[in-house]
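I opened the notebook to look up a few things in this structure. The entries follow in the order I made them.

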Amino acid sequence: MRDVLIEDPDVRGDAYFRVRADLWRENAHLREAMRKDLGMSGPPDPDVGQYRYPATS
């Protein structure tokens with residue numbers, strides 16, 4: 001994300017929103033993996049489904 005912002009520092013530009021979505025998606029997958037590893041039950045993390053799509057970059 002830092003590298004993209006160095007190349008294109010506009011936080012309102014398309015590049016920023018693409019890299020932010022990728023970062024949030026990967027973070028959601030990490031949270032899902034940690035919950036599974038800890039054996040947590042209950043409802044799934046609601047953010048995971050929102051960001052489950054192929055990388056945009």
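Helices (H or I, at least four residues) and strands (E, at least two) are DSSP runs, numbered from the N terminus. I looked up tryptophan 24 and found this residue in helix α2.

I noted what I was working with: a predicted model, where local features need pLDDT of at least 70, side-chain atom pairs count only at pLDDT 80 or more, and totals for chains, interfaces and linings use all residues. Residues are numbered from 1 along each chain as its sequence is written, and side-chain values use heavy atoms, with hydrogens and water left out.

Next I checked the chain as a whole. I found three helices and zero strands, in the order α-α-α from the N terminus on. Of its 57 residues, 19% count as buried (under 20% relative accessible area; exposed is over 50%, partly exposed in between; 1.4 Å probe, protein chains only).

Is tryptophan 24 buried, partly exposed or exposed? I recorded tryptophan 24 as partly exposed, because its relative accessibility is 38%.

Then I turned to arginine 25. Helix α2, residues 14–37, holds arginine 25 too.

Which side chain does arginine 25 join in a polar contact of 2.9 Å? I found that of aspartate 22. A polar contact is a pair of N or O atoms within 3.5 Å; within protein, one must be able to donate a hydrogen and the other to accept it, and residues adjacent in sequence count only if both atoms are side-chain atoms.
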